[in-house]
Amino acid sequence: MIVKKVTVSTEFGGRTLSLSSGDLAKQASAAVTVQYGETVAFVATQTGPSRPGTDFFPLTVDYRERLAAAGKFAGGYQKREGRPTTKEILTCRLTDRPIRPLFPKGFRDEVQVMTNVLACDGENNPDVLSINGASAALRISGMPFKGPIAAVRIGLVEDELVLMPTVQQMEESTLDLIVAGSSKSILMIEGFANQLPEKEMGDAIMFAHDFIKQLCQLQEDLAKELGIDPPEIPEPEVNPFLEKLEPSFEKLKAAKATRMKQERGEAVAAVKEELVGQFFPDEAEETEDGLTKAQFGDAFYQLTARAVRELILSGTRLDGRAPDELRDVHCEVGRLPRVHGSAVFTRGETQSMATITLGTTRDQQRNDGLFGEFSDRFMLHYYFPSFSVGECRPIRGPGRREIGHGCLAERSVAPVIPAEDKFPYTIRVISDILESNGSSSMASVCSATLGLMDAGVTIKQPVAGISIGIVDEGDKWTLLTDIMGDEDHFGDMDFKVAGTGRGVTGIQLDLKNEGISEEIIRATLDQALKARKELLKNMLGAIRRPREQVSEHAPKLLQTSINPEKIGLLIGPGGKTIRAIQEESGATIDIAEDGVVTISAANGSSADAALARIEALTEDIQPGRIYTGKVTSIKDFGAFIEIAPGKDGLCHISELSDGFVKNVNDVCKVGDVLEVKVIAVDDQNRVKLSRKAVLAEQGGGDDEDVEFEDDDE
């Protein structure tokens, strides 16, 4: 047990990053406090014996942001945090992905990594600290962890790469890139950019790796100060069943070379069933020499993986494609009636249906977190039902994978969504995965783009996404475009790249090995670009550009800007004025603090009527313009006429008619509606009106009363 507190620190990105351990959570396997600026994350890790029958590595990562860390109460009635937020779930995944491959194959002990954000200074995001703290805790825990690894965030502000940008700098950044790796290679990438060219994205990744090495060394310094040597990594045990299954290897290899997914599964199942009957006759639980069915299952899996990898390295993909070849692509738009936009994107045996909904500002998703409240006007929700892979499972709420894939697709498409002042709608995309055999998240990017164009959303550029895999045997590796499920499962990499014809918008790397080199990263980006261009060509064949009009079933939205000082005038006392406009026009009106007014209605005429009322109420009185007003009071020298709510002017008796007027009441009375022209606005904002000028423009004066003769006379 660690009995002394040790702290190590380094200057990093203009602030101090420190790691400390030894004084908190002493009963845990290990605990580390990470501080950067005044943001503090506490990470504890714990291990325990494996549960009987576990055939996978049971690693659990949890990350929580308590609002107390920022001196805040949770909103609503519940003041205690509940289920994890989307940000917390995404950070769990960010932390899990680079550490999972660094445990030895066959390791089955329970491992938990838990991060609590203890303090947040409003400048430094704690998500990257979780990755560094998890690695440091695992390094000093005594577990067989092949670390350390480290992670950094990179921004791009005014064409300059920025290490560990603050939250304020990220508001101006055109790149949000998180890279994790060891001192030798890259292990995980998650990044989003505004159409960043491939070369510049590669440069940013390698820029990050230089600083990753510095943080890896800091973790080694912590372990050295604590007197903890690197853990011993046990050699994986050789399964004795492998030798018995070797004669069936070529038959299994041939089964795996079957082209279609279902046929391939049936062929492999037939080989397995034959072997089970051979080694376990009459449903025996063990072989004659005491080997178990669990050992058989593990050996069969290893043999299957070897078959797939040998096929790929020999130049034969499971479905017969070339390494850089896409599967067949089919695109269709306008598939569904009534919805505001729809599309179906099919790539091989992966299929996504996108449904688009357009709404008003009231439909935005409101969020609260450590860095304050914010709203999302663009959302992409991803659904992955079990039937899409031919399985039957309980139907539950979205899991971490669905949330992660949806956010990846959402942030990959977000850079091309038009600004709110150009397209004021709130936009929701649903991606329903109807079939899945490789990279459904990138299929969601493609279907979302098609659906948005079908809905009339004026996106800046179309976006497509593709996943590149690899089989890497050290001295020999092969990149695979558009990987299928088996190539992902038995391969070493799932490198997703989304973007336009101009550059990358989203990038995500997951690995099963211990890292990849700069050469592989740059080759992957180039191969993904080639595939992306081919995908975009197919997609634009279905719909060339966004439709000129939104769906007739979508709400009609108009926007105008008013002087923020006039917001109170538009709202009126107790909301009286705005309610009256909404009731009379049938439209809904939303007012932002900066004076942007959004009008939504079921039809265009209602929206136009509301806009006209708002503009008449809030605009400045313009000399030379004709207004329709109501007489509010009569004086000997003229009439006061209200030409807009709360705004009136004087029409002098000499301006009431083109003839002589002896008495104002001879021309008008209180409540009469008259057309008048603004002839002047003086320095004190007093308005002078003229009815005579309007009559002159209309080409006539007052109608004279005509008396008809009585028929009896």
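Guide: Two strands count as paired if DSSP finds at least two bridges between them. In this predicted model, strand β27 (residues 647–652) and strand β29 (residues 687–690) have 2 bridges and pair in the parallel sense.

Visitor: Which residue stands opposite L689 in β29?

Guide: The residue opposite L689 is C651.

Visitor: What makes the strands a barrel, and in which order do they close?

Guide: The barrel is closed by 5 strands in the order β25-β26-β27-β29-β28, with mixed pairing. From one strand to the next, the twist averages 50°. Helix α16 (residues 691–698) lies across β25 (626–635), β27, β28 (673–681) and β29, and runs at about 110° to β28.

Visitor: Why are α4 and α12 called roughly antiparallel?

Guide: The axes of helix α4 (residues 198–226) and helix α12 (residues 518–542) cross at roughly 155°. Angles over 145 degrees count as roughly antiparallel, and α4 and α12 are therefore described in that way. Their axes come within 10 Å, and α4 passes α12 in a right-handed crossing.

Visitor: Which residues make the contact of α4 with α12?

Guide: From α4 come E198, K199, G202, D203, I205 and M206, and from α12 come E518, I521, R522, L525, L529 and R532.

Visitor: How do the residues of that contact divide into nonpolar, polar and charged?

Guide: The contact of α4 with α12 has 5 nonpolar, 1 polar and 6 charged residues. Gly counts as polar, and G202 of α4 is part of this contact.

Conventions. Residues are numbered from 1 along each chain as its sequence is written. This is a predicted model: local features need pLDDT of at least 70, side-chain atom pairs count only at pLDDT 80 or more; totals for chains, interfaces and linings use all residues. Side-chain values use heavy atoms; hydrogens and water are left out. Axes are lines fitted to C-alpha atoms, for helices over the stretch in contact, and angles run from 0 to 180 degrees between N-to-C directions. Helices (H or I, at least four residues) and strands (E, at least two) are DSSP runs, numbered from the N terminus. Angles under 35 degrees count as roughly parallel, over 145 as roughly antiparallel, 65 to 115 as roughly perpendicular and the rest as oblique. A crossing is left-handed if the near helix is turned anticlockwise from the far one by less than a right angle, and right-handed if clockwise. Contact means heavy atoms within 4.5 Å.
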